[in-house]
Number of protein chains: 2
Amino acid sequence: MSRPVDAAIAAIREFLGERLTTNAGLREHHSHGQDTQPPVSPDAVAFIETSEEAGRVLAICNTHGVPVVPFGTGSSLEGHVTPVRGGISLDLSRMTQVLEVNAADMDCRVQAGVTHRTLNAHLRDQGLFFPVDPGADASIGGMCATRASGTNAVRYGTIRENVLGLTVALADGRVIRTGGRVRKSATGYDLTHLFVGSEGTLGVITEIQLRLHGIPEAASAAICQFETLGDAVETVIAVMQAGIPVARIELLDDVQMGACIAYSKLEDALPLPTLFFEFHGTEASVAEQATSAEEIAGSFGARGFRWATGQEERNKLWRARHDAYWACLALKPGHKGIATDAIVPISRLAEAILGAQDDIAASGLTAPIVGHVGDGNFHTVILVPPEPDGIARAWELDKKIVARALALGGSCSGEHGVGIGKREFLEVEHGAETLAVMRSVKTTLDPRGILNPGKIFLN
Amino acid sequence: MSRPVDAAIAAIREFLGERLTTNAGLREHHSHGQDTQPPVSPDAVAFIETSEEAGRVLAICNTHGVPVVPFGTGSSLEGHVTPVRGGISLDLSRMTQVLEVNAADMDCRVQAGVTHRTLNAHLRDQGLFFPVDPGADASIGGMCATRASGTNAVRYGTIRENVLGLTVALADGRVIRTGGRVRKSATGYDLTHLFVGSEGTLGVITEIQLRLHGIPEAASAAICQFETLGDAVETVIAVMQAGIPVARIELLDDVQMGACIAYSKLEDALPLPTLFFEFHGTEASVAEQATSAEEIAGSFGARGFRWATGQEERNKLWRARHDAYWACLALKPGHKGIATDAIVPISRLAEAILGAQDDIAASGLTAPIVGHVGDGNFHTVILVPPEPDGIARAWELDKKIVARALALGGSCSGEHGVGIGKREFLEVEHGAETLAVMRSVKTTLDPRGILNPGKIFLN
């Protein structure tokens with residue numbers, strides 16, 4: 001007796017041909033993201049090229065009750081792309097067209113497989129850029145699905161604030177457009193933001209209308225170092241409260257800074273708690289912002305305030321920051337990393353980060369701290385010892401850090417999403433009734449439960 | 001035989017006592033907003049004071065199948081508060097507590113009946129302000145429900161970008177909290193933004209967690225006038241494309257300016273197409289922004305660029321702008337006003353506004369144009385002659401202006417909402433399938449259809 005998935009595969013192959021594959025290597029590639037969740041291979045991988053093809057695959061899978069798990073670049077840190085119940089991995093990485101750029105309106109429309117670096121390369125000669133940068137060269141579709149952000153969010157917002165509209169393929173195969181091109185609209189339910197952050201559980205995002213920004217006339221970056229982590233955190237809080245419109249403000253603790261110095265060859269820096277700043281604006285306003293920030297940092301004992309105004313020097317600094325995760329892994333060869341992603345109101349940031357540091361010390365594990373602290377968001381990369389109880393010890397530490405963030409009025413994830421690993425925190429964070437409303441929306445849009453099952457919700 | 005509404009009224013009176021009223025004057029007061037929709041009185045008005053009371057009223061009305069229509073200050077321009085099918089007008093105007101202000105985190109929590117001016121008066125001595133200002137002193141709950149914005153949105157965003165979380169009473173009486181206090185979160189569906197703009201049709205918003213902003217160190221306003229409307233519009237487009245972070249940029253056409261001069265005693269101004277600017281920042285950045293804007297305006301032939309840096313002078317200018325609607329009505333005593341609210345991508349703004357001016361001329365009606373042009377949003381206040389065919393002629397003109405905006409990739413409403421009058425445009429704007437998804441969400445959250453029936457959707 002043939003399984004439902006075999007019938008679905010046969011039907012999909014009819015129109016995708018060789019773009020539907022059961023090749024073992026490709027199935028393995030689609031069995032995991034960049035996380036420590038146990039890999040599970042899909043029964044097949046479908047490489048689609050259009051929204052309409054997404055709809056056709058979904059309609060078939062819906063008929064047969066077969067799971068569909070969207071896959072972009074596989075850079076998820078929370079198991080989003082792992083087909084925990086098998087089925088079809090719907091690969092959008094070939095949907096790489098920039099469909100339109102409206103330079104005068106500072107918006108564009110892209111297919112979901114376009115990555116943010118590819119988009120920015122495409123935009124550069126038009127004086128525009130897309131600011132959301134989660135570090136990895138993730139696909140824009142995946143970034144929408146996980147409500148991603150990154151270093152620039154403190155100034156330019158997360159992907160949520162930079163999406164104007166979507167094309168979404170629904171579970172039953174219908175393809176709808178949400179939102180539009182205008183900057184604001186008061187007409188009807190905000191389906192765009194319902195799909196943003198829904199992690200592939202309500203529909204498959206196939207096209208995105210994005211807001212763009214003008215490349216600032218001037219930019220400068222700076223690095224400064226502190227005797228204590230507390231001083232660095234207090235500097236962040238003071239800078240934000242002073243209303244300085246920083247483009248980026250990133251914290252690295254002494255362990256993370258040591259890792260970055262080794263990995264990225266940052267000369268002249270010491271393994272001390274460190275802030276990276278970036279300022280955008282006109283020449284005059286950048287200078288003014290920088291002076292204000294330097295004064296505040298100085299009042300908290302900052303040393304070695306150094307400027308990087310050249311493009312190359314700035315790129316080196318931010319490359320080091322973006323490689324922080326790999327720098328961590330390089331600290332302990334053979335260890336895997338679990339990235340925590342807690343976020344708290346900024347007034348509670350010192351408490352959250354210093355508390356996390358205590359928890360790390362008590363755990364005996366190595367876990368550098370790095371974060372988008374202007375938003376109150378920080379990561380610890382918990383290095384998992386290759387020992388039988390390693391993963392359990394790492395998760396135990398993760399839970400402590402999350403529990404403190406929630407107790408301080410925060411969230412278990414600022415930007416990585418829920419996926420598999422954070423499902424258990426959702427009821428505490430949102431409450432059972434609110435979670436029940438989310439489930440009812442899920443049931444309405446995906447009555448057969450084929451869309452990325454096993455994510456966001458327990459069971 | 002008693003009607004279901006009588007049973008509901010009796011049950012609500014049991015716990016609200018005299019705060020449930022069938023007084024004819026109060027029912028009449030709750031029969032309409034500030035629009036030209038035919039008034040319909042509710043069967044009763046319930047003055048609630050807590051979220052829990054909202055839930056109890058809703059649970060009773062849901063049991064009896066009785067409509068519930070939320071009412072804040074009654075400043076809606078699209079019939080939102082009119083109980084077209086009778087039932088209970090749920091008045092939140094007594095929910096006026098500012099529940100908390102977290103100055104360090106720049107957020108606060110308010111009950112839904114707090115108005116934006118009351119909130120700003122409350123915040124002033126803390127150096128903070130809430131930027132969303134739709135002109136009328138609307139309630140924050142009503143502003144959330146209609147996805148309101150106003151003059152500051154070009155810099156600070158609409159209410160959508162300034163809401164962190166909500167308390168919502170659902171149709172069945174459950175009271176849930178959505179969102180939280182953190183600046184961003186990637187955990188679960190964005191129910192907050194599903195309720196924002198849902199116009200009371202998915203739930204009743206009873207409390208709001210808001211983002212606040214620091215009062216800028218410096219602010220200055222300016223007015224400049226142009227020979228032609230086209231020159232004024234081209235100036236707006238050029239200022240936005242130059243990336244000048246204007247706090248406000250408002251356009252008034254010659255007719256509107258004439259009305260404002262008469263109504264608000266604006267000395268030294270002529271009845272010409274006019275731009276009002278406001279800049280926020282440090283002293284130096286405000287001066288720099290203003291110089292850049294003045295240069296651009298000059299290149300389009302602006303005359304009489306005049307500065308208002310004092311608080312009193314600025315207030316006078318913006319009071320005149322906020323009174324534009326009343327200035328229009330004063331132009332033609334005995335006429336009512338229908339406000340259009342079209343929005344287009346900014347590159348199409350000249351086409352949309354000059355086209356609207358042609359339509360107005362062809363209609364033979366008076367309809368001043370005023371708008372939040374930095375967002376591409378503009379209003380015409382169509383003055384309805386007190387004649388038998390007056391309202392029909394006004395709606396005909398309204399439809400032409402909307403149709404052009406939609407054809408230019410725009411939306412029928414930038415900030416007033418759909419209510420009753422714009423329902424017919426929604427299918428063209430969003431498509432039938434997208435509208436069907438909105439309806440399915442509606443049915444899930446309000447299966448008996450008691451929440452503000454007759455709004456957003458036709459039928």
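**Exercise 1.** Find which ring face Arg56(B) lies over.

*Solution.* Start at Arg56(B): this residue lies over the face of Phe15(B), at 4.0 Å from the ring centre. A charge counts as over a ring if NZ of Lys or CZ of Arg is within 6 Å of the ring centre and within 35 degrees of the ring normal. Next, turn to chain A, where Arg94(A) lies over the face of Phe47(A), 4.1 Å from the ring centre.

A word on the model: it is predicted, so local features need pLDDT of at least 70 and side-chain atom pairs pLDDT 80 or more, while totals for chains, interfaces and linings use all residues. Residues are numbered from 1 along each chain as written, chains are lettered from A in the order written, and side-chain values use heavy atoms, without hydrogens and water.

**Exercise 2.** Count the aromatic pairs over all chains, then describe the one formed by Phe457(A) and Tyr189(B).

*Solution.* First, the rule: rings of Phe, Tyr and Trp (its six-membered ring) pair if their centres lie within 6.5 Å; planes under 30 degrees apart are stacked, over 60 edge-to-face, and the rest tilted. The count is 16 aromatic pairs. Phe457(A) and Tyr189(B) are edge-to-face, with 5.6 Å centre to centre and 80° between the planes.

**Exercise 3.** Decide whether Phe457(A) and Tyr189(B) are buried or exposed.

*Solution.* Buried means under 20% relative accessible area, exposed over 50%, partly exposed in between (1.4 Å probe, protein chains only). Phe457(A) is buried because its relative accessibility is 6%. Tyr189(B), at 3%, is therefore buried too.
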